[in-house]
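Dear colleague,

Here is the structure for you to look at. My notes follow below it.

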Amino acid sequence: MVVIVTTTERWELGGDLSVARIGYGSMKLTGWPRGERPDRDTSLGILRRAVELGVNHIDTSNYYARDGVSANELIREALHPYPDDLVIVTKVGALVEGPDISLPEARKTGLTPDNLRRGVEANLRSLGLDRMDVVNLRMGDIGAADTASLAGPLEALLALREEGLIRHIGVSNISADEFAEARKIAPIACVQNLYNLAQRDDDPLVDACAEAGVAFVPFFPVGGFQPVTAEHLETVAARHGATTPQVALAWLLARSPNILLIPGTGSLAHLEENIAAGTLELTAEDLAELG
(Lines give C-alpha, C1' and ligand atoms only; values in the text may rest on other atoms or scores of the structure.)
Protein backbone atom coordinates (compact mmCIF):
# COMPACT_ATOMS: atom_id res chain seq x y z
CA MET A 1 0.00 0.00 0.00
CA VAL A 2 1.33 3.46 -0.94
CA VAL A 3 0.82 5.99 1.82
CA ILE A 4 0.97 9.73 1.32
CA VAL A 5 0.66 12.53 3.82
CA THR A 6 -2.52 14.44 3.10
CA THR A 7 -2.69 16.54 6.25
CA THR A 8 -1.55 20.12 5.83
CA GLU A 9 -1.35 20.77 9.55
CA ARG A 10 1.95 22.24 10.61
CA TRP A 11 3.47 24.03 13.60
CA GLU A 12 6.06 26.80 13.71
CA LEU A 13 8.54 25.23 16.13
CA GLY A 14 10.38 27.99 17.93
CA GLY A 15 8.42 30.44 15.80
CA ASP A 16 10.49 29.87 12.66
CA LEU A 17 10.78 26.14 11.92
CA SER A 18 7.74 24.85 10.03
CA VAL A 19 7.23 21.17 10.87
CA ALA A 20 4.55 18.65 10.02
CA ARG A 21 2.67 17.66 13.17
CA ILE A 22 3.64 14.00 12.71
CA GLY A 23 7.37 13.46 12.99
CA TYR A 24 9.54 10.48 13.83
CA GLY A 25 11.36 9.36 16.99
CA SER A 26 14.58 7.44 16.37
CA MET A 27 15.05 5.63 19.70
CA LYS A 28 13.67 2.28 18.51
CA LEU A 29 16.22 2.09 15.71
CA THR A 30 18.84 1.15 18.34
CA GLY A 31 16.77 -0.94 20.75
CA TRP A 32 17.86 1.51 23.45
CA PRO A 33 17.51 1.24 26.41
CA ARG A 34 16.02 -2.21 25.94
CA GLY A 35 14.20 -4.15 23.30
CA GLU A 36 14.77 -5.44 19.80
CA ARG A 37 16.05 -3.30 16.96
CA PRO A 38 15.73 -3.56 13.18
CA ASP A 39 18.71 -4.44 11.03
CA ARG A 40 20.75 -1.58 9.60
CA ASP A 41 19.23 -1.62 6.12
CA THR A 42 15.72 -1.53 7.57
CA SER A 43 16.64 1.38 9.83
CA LEU A 44 18.07 3.37 6.94
CA GLY A 45 15.00 2.55 4.87
CA ILE A 46 12.65 3.73 7.61
CA LEU A 47 14.40 7.09 7.90
CA ARG A 48 14.40 7.65 4.14
CA ARG A 49 10.77 6.56 3.81
CA ALA A 50 9.73 8.90 6.63
CA VAL A 51 11.17 11.86 4.75
CA GLU A 52 9.55 10.68 1.51
CA LEU A 53 6.20 10.71 3.33
CA GLY A 54 6.60 14.31 4.44
CA VAL A 55 8.19 13.90 7.87
CA ASN A 56 10.52 16.83 8.52
CA HIS A 57 10.88 16.59 12.31
CA ILE A 58 13.14 13.86 13.67
CA ASP A 59 13.77 13.39 17.37
CA THR A 60 17.04 11.80 18.43
CA SER A 61 19.80 11.87 21.04
CA ASN A 62 23.40 10.87 21.41
CA TYR A 63 22.09 8.73 24.27
CA TYR A 64 20.36 6.47 21.76
CA ALA A 65 23.17 4.02 21.11
CA ARG A 66 23.58 0.36 21.99
CA ASP A 67 26.04 -2.33 20.95
CA GLY A 68 27.70 -0.07 18.41
CA VAL A 69 24.44 1.10 16.83
CA SER A 70 23.85 4.87 17.11
CA ALA A 71 20.64 6.63 16.11
CA ASN A 72 22.54 9.79 15.17
CA GLU A 73 24.91 7.92 12.89
CA LEU A 74 22.00 6.11 11.22
CA ILE A 75 20.28 9.45 10.61
CA ARG A 76 23.45 10.89 9.13
CA GLU A 77 24.04 7.89 6.86
CA ALA A 78 20.43 7.80 5.67
CA LEU A 79 19.74 11.50 5.16
CA HIS A 80 22.93 13.58 4.93
CA PRO A 81 23.15 15.99 3.16
CA TYR A 82 19.92 16.87 4.89
CA PRO A 83 16.86 18.34 3.16
CA ASP A 84 16.65 22.09 3.69
CA ASP A 85 13.45 21.83 5.73
CA LEU A 86 14.49 18.89 7.93
CA VAL A 87 14.41 19.76 11.66
CA ILE A 88 16.51 17.53 13.93
CA VAL A 89 15.86 17.74 17.66
CA THR A 90 18.11 16.21 20.30
CA LYS A 91 18.38 16.14 24.06
CA VAL A 92 21.12 16.46 26.65
CA GLY A 93 21.13 16.49 30.43
CA ALA A 94 20.31 14.06 33.21
CA LEU A 95 20.99 10.56 31.97
CA VAL A 96 18.19 8.04 32.22
CA GLU A 97 20.62 5.14 31.93
CA GLY A 98 24.25 4.74 32.97
CA PRO A 99 26.26 5.91 35.99
CA ASP A 100 24.06 8.94 36.73
CA ILE A 101 20.94 6.92 37.30
CA SER A 102 21.62 6.16 40.99
CA LEU A 103 22.74 9.68 41.89
CA PRO A 104 20.54 12.35 43.51
CA GLU A 105 19.11 14.68 40.86
CA ALA A 106 21.34 17.62 41.82
CA ARG A 107 24.46 15.49 41.35
CA LYS A 108 23.69 14.07 37.92
CA THR A 109 26.82 14.97 36.02
CA GLY A 110 25.01 15.36 32.70
CA LEU A 111 23.58 18.66 33.98
CA THR A 112 26.93 20.39 34.55
CA PRO A 113 27.96 23.13 32.07
CA ASP A 114 30.97 21.14 30.85
CA ASN A 115 28.96 17.99 30.22
CA LEU A 116 26.09 19.85 28.60
CA ARG A 117 28.63 21.30 26.18
CA ARG A 118 30.11 17.85 25.58
CA GLY A 119 26.62 16.50 24.94
CA VAL A 120 25.75 19.19 22.41
CA GLU A 121 29.11 18.85 20.67
CA ALA A 122 28.79 15.04 20.54
CA ASN A 123 25.39 15.38 18.85
CA LEU A 124 26.76 17.87 16.35
CA ARG A 125 29.69 15.59 15.46
CA SER A 126 27.66 12.42 15.08
CA LEU A 127 24.94 14.13 13.04
CA GLY A 128 27.38 16.11 10.90
CA LEU A 129 25.87 19.47 11.81
CA ASP A 130 27.26 22.90 12.71
CA ARG A 131 24.17 23.89 14.70
CA MET A 132 21.34 21.93 16.31
CA ASP A 133 17.85 23.09 15.43
CA VAL A 134 16.53 22.31 18.91
CA VAL A 135 18.22 20.96 22.03
CA ASN A 136 15.97 19.70 24.81
CA LEU A 137 17.27 19.94 28.36
CA ARG A 138 16.33 16.57 29.82
CA MET A 139 15.79 16.93 33.56
CA GLY A 140 15.64 14.11 36.09
CA ASP A 141 12.62 12.35 37.52
CA ILE A 142 9.66 14.65 38.09
CA GLY A 143 8.98 15.11 41.79
CA ALA A 144 12.31 13.67 42.97
CA ALA A 145 13.23 14.74 46.49
CA ASP A 146 16.51 16.33 45.36
CA THR A 147 15.42 17.90 42.09
CA ALA A 148 18.11 19.80 40.24
CA SER A 149 17.52 23.46 39.42
CA LEU A 150 16.77 24.42 35.83
CA ALA A 151 18.61 27.72 36.10
CA GLY A 152 22.22 26.58 35.77
CA PRO A 153 21.67 24.10 32.92
CA LEU A 154 19.46 26.51 30.96
CA GLU A 155 22.03 29.28 31.34
CA ALA A 156 24.67 26.88 30.01
CA LEU A 157 22.51 26.13 26.95
CA LEU A 158 21.87 29.85 26.44
CA ALA A 159 25.63 30.36 26.30
CA LEU A 160 25.90 27.65 23.64
CA ARG A 161 23.10 29.32 21.72
CA GLU A 162 25.05 32.58 21.81
CA GLU A 163 28.00 30.69 20.30
CA GLY A 164 25.78 29.55 17.44
CA LEU A 165 25.70 25.86 18.38
CA ILE A 166 21.96 25.82 19.19
CA ARG A 167 19.04 27.51 17.44
CA HIS A 168 16.28 26.80 19.96
CA ILE A 169 16.04 25.37 23.47
CA GLY A 170 13.41 22.96 24.78
CA VAL A 171 12.87 21.21 28.10
CA SER A 172 11.98 17.61 28.88
CA ASN A 173 10.61 15.73 31.87
CA ILE A 174 9.48 18.84 33.71
CA SER A 175 6.52 19.88 35.84
CA ALA A 176 4.16 22.76 35.18
CA ASP A 177 5.97 24.83 37.83
CA GLU A 178 9.30 24.10 36.17
CA PHE A 179 7.87 25.16 32.82
CA ALA A 180 6.93 28.53 34.29
CA GLU A 181 10.39 28.82 35.83
CA ALA A 182 12.11 27.86 32.56
CA ARG A 183 10.26 30.56 30.60
CA LYS A 184 11.64 33.19 32.95
CA ILE A 185 15.19 32.06 32.15
CA ALA A 186 15.17 31.28 28.42
CA PRO A 187 12.88 31.28 25.37
CA ILE A 188 11.38 27.77 25.31
CA ALA A 189 10.46 26.24 21.96
CA CYS A 190 8.99 22.95 23.17
CA VAL A 191 8.26 20.68 26.10
CA GLN A 192 8.80 16.92 25.79
CA ASN A 193 7.04 14.89 28.49
CA LEU A 194 5.28 11.56 28.92
CA TYR A 195 1.69 12.01 27.74
CA ASN A 196 -0.86 9.92 25.85
CA LEU A 197 -4.51 8.93 25.77
CA ALA A 198 -4.17 6.83 28.93
CA GLN A 199 -1.67 9.02 30.82
CA ARG A 200 -2.96 12.57 31.09
CA ASP A 201 -1.37 13.98 34.23
CA ASP A 202 0.08 16.77 32.09
CA ASP A 203 -3.28 18.06 30.84
CA PRO A 204 -2.72 21.46 32.55
CA LEU A 205 0.82 21.66 31.11
CA VAL A 206 -0.42 20.93 27.58
CA ASP A 207 -2.86 23.83 27.94
CA ALA A 208 -0.22 26.13 29.44
CA CYS A 209 2.09 25.40 26.52
CA ALA A 210 -0.69 26.07 24.02
CA GLU A 211 -1.47 29.40 25.65
CA ALA A 212 2.23 30.34 25.50
CA GLY A 213 2.61 29.24 21.86
CA VAL A 214 5.00 26.46 22.87
CA ALA A 215 4.96 23.01 21.24
CA PHE A 216 4.16 20.02 23.45
CA VAL A 217 5.86 16.84 22.19
CA PRO A 218 4.65 13.72 24.03
CA PHE A 219 7.06 10.84 24.32
CA PHE A 220 5.55 7.36 24.37
CA PRO A 221 2.49 8.69 22.47
CA VAL A 222 1.13 5.16 22.01
CA GLY A 223 2.37 3.86 25.35
CA GLY A 224 6.03 3.04 24.82
CA PHE A 225 6.91 -0.27 26.44
CA GLN A 226 3.29 -0.76 27.54
CA PRO A 227 0.73 -0.24 24.73
CA VAL A 228 -1.99 2.31 25.44
CA THR A 229 -5.21 0.84 26.78
CA ALA A 230 -8.28 3.01 27.26
CA GLU A 231 -12.02 2.48 27.46
CA HIS A 232 -13.72 2.46 24.04
CA LEU A 233 -10.38 2.64 22.18
CA GLU A 234 -11.03 -0.59 20.27
CA THR A 235 -14.63 0.45 19.55
CA VAL A 236 -13.54 3.74 18.01
CA ALA A 237 -10.78 2.03 16.02
CA ALA A 238 -13.23 -0.53 14.61
CA ARG A 239 -15.65 2.24 13.63
CA HIS A 240 -12.95 3.86 11.48
CA GLY A 241 -11.29 0.67 10.23
CA ALA A 242 -8.12 1.86 11.97
CA THR A 243 -5.66 0.40 14.45
CA THR A 244 -5.74 1.36 18.12
CA PRO A 245 -2.34 3.11 17.88
CA GLN A 246 -3.68 5.19 14.99
CA VAL A 247 -6.63 6.29 17.10
CA ALA A 248 -4.30 7.09 20.01
CA LEU A 249 -2.21 9.30 17.70
CA ALA A 250 -5.28 10.92 16.15
CA TRP A 251 -6.58 11.70 19.65
CA LEU A 252 -3.35 13.54 20.45
CA LEU A 253 -3.62 15.58 17.24
CA ALA A 254 -7.19 16.48 18.18
CA ARG A 255 -6.30 17.22 21.79
CA SER A 256 -4.46 20.47 21.08
CA PRO A 257 -2.98 22.15 17.98
CA ASN A 258 0.41 22.59 19.67
CA ILE A 259 0.94 18.83 20.09
CA LEU A 260 3.61 17.43 17.78
CA LEU A 261 3.98 13.67 17.45
CA ILE A 262 7.24 11.71 17.27
CA PRO A 263 6.13 8.06 17.27
CA GLY A 264 9.03 5.68 16.91
CA THR A 265 9.05 2.32 15.17
CA GLY A 266 11.43 -0.24 13.73
CA SER A 267 8.92 -1.34 11.09
CA LEU A 268 8.26 0.23 7.70
CA ALA A 269 4.64 -0.89 7.82
CA HIS A 270 4.11 0.69 11.25
CA LEU A 271 5.81 3.88 10.08
CA GLU A 272 3.24 4.19 7.28
CA GLU A 273 0.39 3.42 9.67
CA ASN A 274 1.60 6.08 12.10
CA ILE A 275 1.81 8.73 9.40
CA ALA A 276 -1.59 7.72 8.01
CA ALA A 277 -3.05 8.54 11.45
CA GLY A 278 -2.77 12.16 10.35
CA THR A 279 -5.67 11.59 7.95
CA LEU A 280 -7.93 10.05 10.62
CA GLU A 281 -10.59 12.53 11.68
CA LEU A 282 -12.18 11.63 15.00
CA THR A 283 -15.78 12.74 15.44
CA ALA A 284 -17.23 14.51 18.44
CA GLU A 285 -18.80 11.16 19.38
CA ASP A 286 -15.39 9.44 19.19
CA LEU A 287 -13.76 12.08 21.39
CA ALA A 288 -16.60 11.92 23.90
CA GLU A 289 -16.27 8.14 24.15
CA LEU A 290 -12.50 8.36 24.62
CA GLY A 291 -12.99 10.92 27.37
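Proline 81 sits in the loop between helix H2 (71–79) and strand S7 (87–93). Helices (H or I, at least four residues) and strands (E, at least two) are DSSP runs, numbered from the N terminus. The peptide bond from histidine 80 to proline 81 is cis, with omega near 0°.

This is a predicted model: local features need pLDDT of at least 70, side-chain atom pairs count only at pLDDT 80 or more, and totals for chains, interfaces and linings use all residues. Residues are numbered from 1 along each chain as its sequence is written, and side-chain values use heavy atoms, with hydrogens and water left out.

Two residues have a positive phi. Aspartate 67 has phi near 55°. Its loop lies between strand S5 (65–66) and strand S6 (69–70). Aspartate 67 is exposed, at 62% relative accessibility. Asparagine 173 has phi near 65°. Its loop runs between S9 and H5. Asparagine 173 is buried, at 10% relative accessible area. Buried means under 20% relative accessible area, exposed over 50%, partly exposed in between (1.4 Å probe, protein chains only). Most residues other than glycine have a negative phi, and most peptide bonds are trans.

Now helix H5 (residues 176–185). Glu178, Phe179 and Ala182 are buried there. They share one side of H5, because they cover an arc of only 105° around the axis (the arc of the directions from the helix axis to the C-beta atoms). Asp177 and Lys184, on the other side, are exposed. The buried residues of H5 pack against helix H4 (151–162), strand S9 (166–172), strand S10 (188–194) and helix H6 (203–212); contact means heavy atoms within 4.5 Å.

Best regards
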